Amino acid sequence: MGILGIKTYPDEALRKKSSVVKRVGKEDRKLASDMIDTMRSANGIGLAAPQVGISRRIIVVDDLENTKSSLVLINPVVIKKKGRSSLCEGCLSVPDVTNDILRPEFIIVEALDLDGDKIKIDTGGLLARVIQHEIDHLDGILFIDRIDFLRRRRIFKKISPKVCMEL
Ligand code: ZN
């Protein structure tokens with residue numbers, strides 16, 4: 001079990017664009033396993049490598065239909081999106097802030113698994129949302145960047161109480 005330190009806003013690691021994993025290796029598998037441990041111990045349902053200070057395109061998300069397992073997506077890319085929905089988001093890297101965020105409701109994602117094999121996930125609802133939130137992290141984007149400016153200013157003046165899940 002390996003629990004890693006989670007970087008929090010405004011740490012610069014959260015703003016870097018992560019690099020593509022060219023070949024999935026042993027250290028990527030170790031990192032993914034540590035990220036799953038870290039996510040679980042922090043009661044999150046998703047975590048991206050930049051949140052633990054590693055600038056590689058790797059995310060882990062809870063398999064929401066099977067709480068005992070987690071999905072590992074390497075180099076995830078959204079190839080199709082449909083619909084729009086708004087849901088309250090939080091982030092392990094931005095403690096004490098939550099806000100409704102508008103995102104596509106259904107997505108198709110392509111990625112590599114831990115064996116380096118191509119996988120495709122066609123999903124909607126909460127899982128689609130978590131995956132999009134984590135992919136944003138790989139591009140240095142935080143959910144607070146998706147809140148309009150005035151609202152963001154208000155939130156950061158008076159940190160809002162934690163009321164929903166951490167992605
Ligand atoms: Zn996050």
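**Strands, zinc site, salt bridges and pocket**

β3 and β6 pair in the antiparallel sense over six bridges; strands pair if DSSP finds at least two bridges between them. This is a predicted model: local features need pLDDT of at least 70, side-chain atom pairs count only at pLDDT 80 or more, and totals for chains, interfaces and linings use all residues. Residues are numbered from 1 along each chain as its sequence is written, and side-chain values use heavy atoms, with hydrogens and water left out. Helices (H or I, at least four residues) and strands (E, at least two) are DSSP runs, numbered from the N terminus.

Stay with β6. K81 stands opposite I107 in β6. Strand β6 spans residues 106–112, and five of its seven residues are buried, meaning under 20% relative accessible area (1.4 Å probe, protein chains only; exposed is over 50%, partly exposed in between). β6 also pairs with β7 (residues 118–124), antiparallel, over seven bridges. Here V109 stands opposite I121 in β7. The hairpin of β6 and β7 has five residues between the strands, and G116 takes a positive phi near 85 degrees.

Next, the metal. The zinc ion has protein donors C91 (SG), H133 (NE2) and H137 (NE2), 2.1 to 2.3 Å from it. Donors are N, O and S atoms within 2.8 Å of the metal (3.2 Å for Na, K and Ca); water is not among the atoms, so sites may look incomplete. C91 lies in strand β4 and H133 in helix α2, so the pair ties together parts that are 42 residues apart in sequence. Both C91 and H133 are buried.

Now the charges. A salt bridge puts a side-chain nitrogen of Lys or Arg within 4 Å of a carboxyl oxygen of Asp or Glu. The count is nine. One of them joins R15 to D145, with the closest N and O atoms 2.7 Å apart. That pair links the segment before α1 to the loop between α2 and α3, 130 residues apart. K17 and D139 form another, at 2.8 Å. K17 is exposed at 61% relative accessibility, while D139 is partly exposed at 25%.

The largest share of the lining, three residues, comes from α2.
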